[in-house]
Amino acid sequence: MIAKKAGRLLGIALALAPLAGAQNSNMTVPATIEAGSAFSIPTTGSGQGVLYIVGPAQALRRDVQLGVAVQFAAGDLYNAGHYVALLVEGSSTDTAQFDVTPKSQPDTLSFFAEPSRVPVGLHNGISGTVYAFDTYHNLITSPLSVSFQLAGISGTPLARTVTTRDGVAWTAIDSASKQGSAKFIVQANGITTTRVIAEVPGDPCGLTISAHPDGQNLTVETAPIHDCSGNPIPDGTVVTFTESYNGMQSTVDVPVKQDVARVDMPAHPGATISVASGVVAGNEIRWGGGR
Amino acid sequence: MKKAILAMGCALAVAIPALADQPTVQVQPPDLHGSRPLEKLTESAVIRDYLESWEKLSAALDQNHVDLLNSDFLGTAREKLAATIATQAKIGIHTHYQDLSHNLQIVFYSPEGQSIQMVDAVEYDVQVFDHDKLMATQHVKARYVVVLTPAEVRWKIRVFQAEPQA
């Protein structure tokens, strides 16, 4: 029984012996390396070997002199990720794993701002998302303070400071009350990126029409059209006039010109005339023949 | 084709047992911190596309064939993987990645819907071949940070980056 057990252990020992004997070179790999920084991997042993550094993000192969530290210059290994290192000498292989981490200083801010045109006075109407990358286009996953600022043509700029989480920060900001181009600026560690947001008038507010006779027709026109913040509605905005009489209905679309939309319609006594623009309905008037 | 993703978004993580040479997949509930709400169908599509991308990644790095990346990777992620493949071909090596398990969590969905970020505590085996001679097999545990963006018919990976595990 004992002999049988000893024989089994001896068998295991013999099986392991060639591997252990072949392990005559070793390396010492840092646990983490900052992307693009110089580093070295000390080795032991003698003779020639081959060092492989392999990961999905990058691959390197070096012929090395064992017993001497393998030097990597700045910029040799620059893509953040998890790497496997293999030191091969004949049938002997020493292995290690390590991480390359992003640099902490951002170089590029990938900034998505939406929408490019937004109505004024819209709560959380503008959103911004930013991803921070280092010189080597590695996503900087350590927390980073990012400031967002929306600067319009008037008023105090709106500003927010957000800390990135896994490399991303975002915010939502109200659009201004006045129309115009606004600069949406994101900044981190001295790196700035800007997007331009067109803040345009909102829907018409208090849309009203009046009518007066012009021969056989009525001239129907709106009062100057503004949004609820007092911004004039841009030229070209379509206003729809509808005239109803004796069960008939006629509709005319007219673009706004210099704040007003105007149209000539047949003067049918008893006709009802209404106005709308987009989803906004205005007043309704009834033409009584002389009124 | 990876196994179907089931019952995501529930209160508890869902584990799906491994079939032969297919990874086990766990999906944690999203942790979006107030960004855009995530529909379950979107979550399923993102995870399905991400898991499929591991197959393409493995084949591309195994065969040193850059074009295999095109359907699943774009931008920085594709450029870096393509550069790795070019280097592997130049120095005469290829690598075989076999993902064994994924523990996934979506952590951000941008307000405008243009990007989704996910973290994956993944385990895989990597085999390194020098001119088809197997040099070593290593078991790896890593945390991947992944950013995906919607493309024509699927979510594609724009950032694919491992970082030290906490």
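Tutor: Happy to. Let's start at Asn189(A), which takes a positive phi near 45° in the hairpin of E14(A) and E15(A), where 2 residues lie between the strands. Bear in mind that this is a predicted model: local features need pLDDT of at least 70, side-chain atom pairs count only at pLDDT 80 or more, and totals for chains, interfaces and linings use all residues. Residues are numbered from 1 along each chain as its sequence is written, while chains are lettered from A and ligands numbered from 1 in the order in which they are written.

Altogether, 9 bridges join E14(A) to E15(A) (residues 191–200), and the two run antiparallel. Strands here are DSSP E runs of at least two residues, helices are H or I runs of at least four, both numbered from the N terminus, and two strands pair if DSSP finds at least two bridges between them.

E14(A) (residues 180–188) also pairs with E11(A) (residues 145–151), antiparallel, through 5 bridges. There, Phe184(A) of E14(A) is opposite Leu150(A).

Now widen the view. By an automatic or database assignment, chain A has domain 1 (2–101), domain 2 (108–200) and domain 3 (204–286). The C-alpha centres of domains 2 and 3 of chain A are 40 Å apart. Between these two domains of chain A, 6 residues of domain 2 are in contact with 4 of domain 3 (contact puts C-beta atoms, placed from the backbone, within 7 Å). On the domain 2 side, 2 of the residues are nonpolar, 3 polar and 1 charged. In this count Ala, Val, Leu, Ile, Met, Phe, Trp, Tyr, Cys and Pro are nonpolar, Asp, Glu, Lys and Arg charged, and the others, Gly among them, polar.

Another strand pair of chain A is worth a stop: E10(A) and E13(A) are antiparallel, with 6 bridges, and Gly128(A) is placed opposite Thr171(A) in E13(A). Of the 6 residues in E13(A), 5 are buried (20 or more other C-beta atoms within 10 Å of its own; exposed is 12 or fewer, partly exposed in between, with C-beta atoms placed from the backbone).

E10(A) (126–133) and E13(A) (168–173) are also among the elements giving two or more residues to the side of chain A that touches chain B. That contact takes 35 residues from chain A and 36 from chain B. The chain A side has 15 nonpolar, 15 polar and 5 charged residues.

Of its 166 residues, 39% are buried. H1(B) (residues 40–63) and H2(B) (residues 75–91) pack at about 25°, with axes 9 Å apart; axes are lines fitted to C-alpha atoms over the stretch in contact, and angles run from 0 to 180 degrees between N-to-C directions. H1(B) and H2(B) are therefore roughly parallel (under 35 degrees; over 145 is roughly antiparallel, 65 to 115 roughly perpendicular and the rest oblique). Residues making this contact include Leu57(B) of H1(B) and Ile85(B) of H2(B).
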